[in-house]
Amino acid sequence: MTKREGSLEAPTRHPLDWKSPSFYDRDSCLQEMERVFDICHGCRRCVSLCNAFPSLFDLVDESATFEVDGVAKDDYWKVVDQCYLCDVCYLTKCPYVPPHDWNVDFPHLMLRAKAIQFKEGTPTKFRDSTLSATDRNGKLASIPIVVHAVNRANRMPLARGLMERALGVHRDAWLPDFDSRTFRRTAAKSVDYPVRDGERSPGKVAIFSTCFVNYNEPGIGHDLIAILAHNEIPYVLVSGEACCGMPKLELGDLDAVEKLKNQNIPQLAALARDGYAILGLIPSCALMFKQELPLMFPDDAEVQAVRAAMFDPFEYFFARRRDGMLHEDFNAELGRVSYHVACHTRVQNMGQKTREILELVSGAKVHTVERCSGHAGTWGVKKEFHETAMKIGRPVFNSMAEHPDGPPQWIASDCALAGHHIQQGMSGLEKPTGPRLAHPITLLRIAYGLA
């Protein structure tokens, strides 16, 4: 073993060898978990990040030996269930990630374990598969006749109680409304602006709207279109768009991830080759194309081309500004904004571009909170995890309410789902502040004064 305490090199990642039969070998996976858990137990730096590490350390501390060898291997799965693949431990905390000799990749080890669980089947497999079918659910729930019934049921205590018993969705967890006027169906066509490429930013944009924006909050997509039009940037919508695959990845259903990849990548790669910047409106979706699919398919040239063309919206606007091509004619003040940096924004390793753009607005006082909210996609709405999700988010709820310049007027997160989770958590504080929730894209549109 190496004698180094930690690694000074930039983190790197190995491709995910998920096609190999050994990847699904249960005994091999348990052996690797024991090795990594022993390293984590000796370090404990990640104890405050989520509930996976406290669960592990409690198992160790309650064992007969006070070491990992005293923990029953069947209990390892309790740790796996608490990990929702936020990736923050890998990129912000762990000193033993590759290229360190100890080669610790905790999230991808948990992903491997989840893939084994999914292959073997779990008691909640139907619930988990149903919740992760976001595209299918959106198509059904946004049918005009159906949408009002679904939205009403999501707010009715009796219906939520039945949903909790039948499907395992916690009765108190925030659930999104659906909108029959989906984004892709109602988006305005772009004006034929001239394409002005910058050194860092392509001059035309392809919008990957994501399931959430398309079916649940199309207003975010319309706000993005208004901003692009104001900056005279021509855009198209990605045709034939399917779910990015992140909900299936988090479940460990890697075969489903591949099927979705085969639906999305051909048209996305064609857009990348044609010089488009591809904007993913939800951080998890952008991360899927920037990191997870390239690691699952490292030899696929089209996947790598999409990775190079994929931008977070504010990453793109920041690059556009550096190229001298972003309009800064903001004419409305935002005031006090408590801004949450979503985990899957952080691990894109691009800095706080959202904050930097919002701070360009006159009078904007942006208070940044950089900690996991605990929502974690579908994980935080499940019956067995929701209360833990709220507990993980409590420091964020308190920090968002404590803007240094006074009560916040706005709360915002790059992850729209995290934003609603934070709003729910803040409503339970002893002194709720009552700020308005808005996506950062919406705040930028407001700052421009666009109708």
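Ser-413 is buried, with a relative accessible area of 2% (buried: under 20% relative accessible area; exposed: over 50%; partly exposed: in between; 1.4 Å probe, protein chains only). The model is predicted, so local features need pLDDT of at least 70 and side-chain atom pairs count only at pLDDT 80 or more, while totals for chains, interfaces and linings use all residues. Residues are numbered from 1 along each chain as its sequence is written, and side-chain values use heavy atoms, with hydrogens and water left out.

Ser-413 belongs to strand E7 (residues 410–413). Strands (E, at least two residues) and helices (H or I, at least four) are DSSP runs, numbered from the N terminus. The Ser-413 side chain makes a polar contact with the side chain of His-340 at 2.9 Å. Such a contact is a pair of N or O atoms within 3.5 Å; within protein, one must be able to donate a hydrogen and the other to accept it, and residues adjacent in sequence count only if both atoms are side-chain atoms. Residues up to four places away in sequence aside, Ser-413 touches His-340, Ala-342, Ala-418, Gly-419, Ala-438, His-439 and Pro-440 (contact: heavy atoms within 4.5 Å).

Aromatic pairs were counted next. Rings of Phe, Tyr and Trp (its six-membered ring) pair if their centres lie within 6.5 Å; planes under 30 degrees apart count as stacked, over 60 as edge-to-face and the rest as tilted. The count comes to 14 aromatic pairs. In one of them, the ring centres of Phe-37 and Phe-106 are 6.2 Å apart and the planes stand at 35 degrees, so the pair is tilted. Phe-37 lies in helix H1 (residues 26–43) and Phe-106 in helix H5 (residues 106–120), so the pair ties together parts 69 residues apart in sequence. Both Phe-37 and Phe-106 are buried. Together with Phe-53, Phe-57 and Tyr-76, Phe-37 and Phe-106 form one aromatic cluster.

Charges also sit over rings (NZ of Lys or CZ of Arg within 6 Å of the ring centre and within 35 degrees of the ring normal). Arg-112 lies over the face of Phe-23, 5.8 Å from the ring centre. Lys-261 lies over the face of Phe-297, at 4.5 Å.

An open sheet of 4 strands runs in the order E2-E1-E3-E4, with parallel pairing (pairing: at least two DSSP bridges between two strands). Strands E2 (235–237) and E4 (310–311) are the edges, each pairing on one side only. Strand E1 (residues 205–208) pairs with E2 over 3 bridges. Val-205 stands opposite Tyr-235 in E2.
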